[in-house]
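Subject: Structure for you to look at

Hi there,

Here is the structure I promised to pass on. Please open it next to this email and follow along as you read.

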Amino acid sequence: MDKYFELDNDSVIGYINSKLDFFNDDAELSSEEIGDGNLNLVFRISDKKNGKSIIAKQALPYVRASGGDWPLDIGRGAIEKRILDIEYELTEGAVPKVFFYDEIMCCMVMEDLSNYIIMRYGLLKFEKYPNFPEQISDFLAKSLLLTSDVVLDHKDKKANVKDFINPELCEITEQLVYTEPFHVGARNKLEDAIVEFHKENVVADTELAVEVAKLKFDFMNNAQALLHGDLHTGSIFVNAENTKVIDPEFAFYGPIAYDLACLFANIIMNYISAWYTLKEEPAKRDDYCEYLRDTLVKTVDLTKKKFYDLWDSSVTDQMAKTPGFREFYIEDVFINAAGIVGCEMTRRTVGFAHVVDLDNIKDDQSRYLAKTNNLLLAKEYIKKRSSISTGEDYLKLLDSIIK
């Protein structure tokens with residue numbers, strides 16, 4: 001292929017066969033477009049006869065969720081391929097294995113995780129994943145701390161910052177997470193029922209705006225580590241035994257707190273969803289919400305512990321070994337994460353890209369309460385972030401609003 005074109009269920013089969021010797025000669029191939037994100041085409045190509053399958057992910061020259069009205073650089077897939085290779089090595093395979101990346105077609109072919117489920121949808125089915133906190137905390141500590149200045153040679157790290165410049169996708173985050181949800185209009189999407197609530201409780205809150213501005217400019221200027229850049233429960237595949245992280249196309253060098261916060265926030269929003277969805281089944285609600293509370297606390301606290309442990313075994317910078325600096329560095333990361341948790345919760349309620357956790361609550365009154373209380377809790381996390389650095393700290397504020 002010497003010219004880019006958009007793949008479909010028919011053309012992707014021939015494309016894969018021309019690029020990769022993966023399927024048997026007697027394969028009976030079919031393709032299904034399974035992408036449910038905002039940006040890309042994703043195909044699962046399967047052999048009905050031999051049971052093998054593979055994933056092809058092609059970048060589109062526009063934001064898919066916009067219907068084509070929002071242009072986007074199709075070369076972003078090259079960044080995703082490179083970070084998957086790095087994360088695969090750093091985390092002993094906690095991401096899919098990539099078979100190849102085609103720079104002309106902007107298409108990446110990788111292992112199929114069909115024996116996994118996207119975590120968001122598993123949680124919405126009230127499934128439990130006991131190994132998740134241990135595994136995701138390991139991923140976070142290794143992928144973030146080991147790509148930072150405290151471990152890497154400084155010149156190598158600066159070269160990485162240059163190589164992973166990702167301005168178009170960073171701009172999406174800067175606008176959709178840190179700007180538009182705190183104003184009226186733009187690309188925000190609000191239910192009519194919460195329009196006035198949003199104006200009065202979010203837009204009109206000037207103290208909140210100042211705190212969000214601080215977080216935004218830290219995101220724009222703090223090239224701390226190589227981020228996934230979009231690490232929510234829709235970017236994680238899980239099953240009863242294992243966890244795999246996918247879709248790091250927003251990757252760039254930024255503040256470690258951002259990756260932590262996106263994940264923590266989405267667990268919290270799933271808790272809020274379960275709390276209101278299961279209101280007529282109190283025993284089931286109590287059981288599942290207790291599981292989510294435990295998952296949140298373990299994920300936060302294990303991640304912090306592993307940052308401390310990995311610091312002691314991996315840090316190379318002489319000044320970073322100064323007594324007291326480790327505590328300053330790691331606590332600052334977790335404090336900022338709490339503020340970004342609030343930004344993520346706000347944008348997933350009123351911004352361009354929502355979460356089905358909240359949107360799919362069927363009862364109108366319950367959905368209204370879930371969304372408005374989510375916004376109130378988000379404000380608390382942003383404004384009070386200096387006192388939030390453990391899992392129990394998150395629960396204290398959660399319990400003050402969701403009750």
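Below is what I found in it, one region at a time.

Before anything else, please keep in mind that this is a predicted model.

**The helix pair**

Two packed helices are described by the angle between their axes and the distance between the axes. For α9 (residues 256-277) and α10 (residues 282-314), that angle is about 170 degrees, and the axes are 9 Å apart. An angle over 145 degrees counts as roughly antiparallel, and α9 and α10 are therefore roughly antiparallel to each other. On the α9 side, the contact includes I256, L260, F264, I268, Y271 and W275. Among the residues that α10 brings to the contact are Y288, L292, L296, V300 and F307. By type, the residues of this contact are 15 nonpolar, four polar and two charged.

**The cores**

In soluble globular proteins, nonpolar side chains tend to be buried together. Here the largest nonpolar core has 100 residues. The residues with the most contacts inside this core are L260, I268, I272, M345, Y381 and Y394. Helix α9 supplies the largest share of the core, with 17 residues. Another core, of 18 residues, lies apart from the largest one, and I13, F43, A56 and F100 are among its members.

**A three-stranded sheet**

There is also an open sheet of three strands in the order β6-β8-β9, with antiparallel pairing. Its edge strands are β6 (117-118) and β9 (243-245), each of which pairs on one side only. Three bridges link β8 (residues 236-238) to β9, and I236 stands opposite V245. Helix α4 (residues 132-145) packs on this sheet, where it touches β8 and β9, and its direction makes about 35 degrees with that of β9.

**Two backbone angles to check**

Most residues other than glycine have a negative phi, and most peptide bonds are trans. C106 is not a glycine, yet its phi is positive, at about 50 degrees. You will find C106 in the loop between β4 (98-102) and β5. A186, likewise not a glycine, has a positive phi near 55 degrees, and its place is the loop between α6 (167-176) and α7 (195-203). Are these two residues buried or exposed? C106 is buried, with a relative accessible area of 4%, whereas A186 is exposed, at 62%.

Notes:
Residues are numbered from 1 along each chain as its sequence is written. This is a predicted model: local features need pLDDT of at least 70, side-chain atom pairs count only at pLDDT 80 or more; totals for chains, interfaces and linings use all residues. Side-chain values use heavy atoms; hydrogens and water are left out. Axes are lines fitted to C-alpha atoms, for helices over the stretch in contact, and angles run from 0 to 180 degrees between N-to-C directions. Helices (H or I, at least four residues) and strands (E, at least two) are DSSP runs, numbered from the N terminus. Angles under 35 degrees count as roughly parallel, over 145 as roughly antiparallel, 65 to 115 as roughly perpendicular and the rest as oblique. Contact means heavy atoms within 4.5 Å. Ala, Val, Leu, Ile, Met, Phe, Trp, Tyr, Cys and Pro count as nonpolar, Asp, Glu, Lys and Arg as charged, and the others, Gly among them, as polar. Two strands pair if DSSP finds at least two bridges between them. A nonpolar core is a set of buried Ala, Val, Leu, Ile, Met, Phe, Trp, Tyr and Cys residues joined through side-chain atoms within 4.5 Å. Buried means under 20% relative accessible area, exposed over 50%, partly exposed in between (1.4 Å probe, protein chains only).
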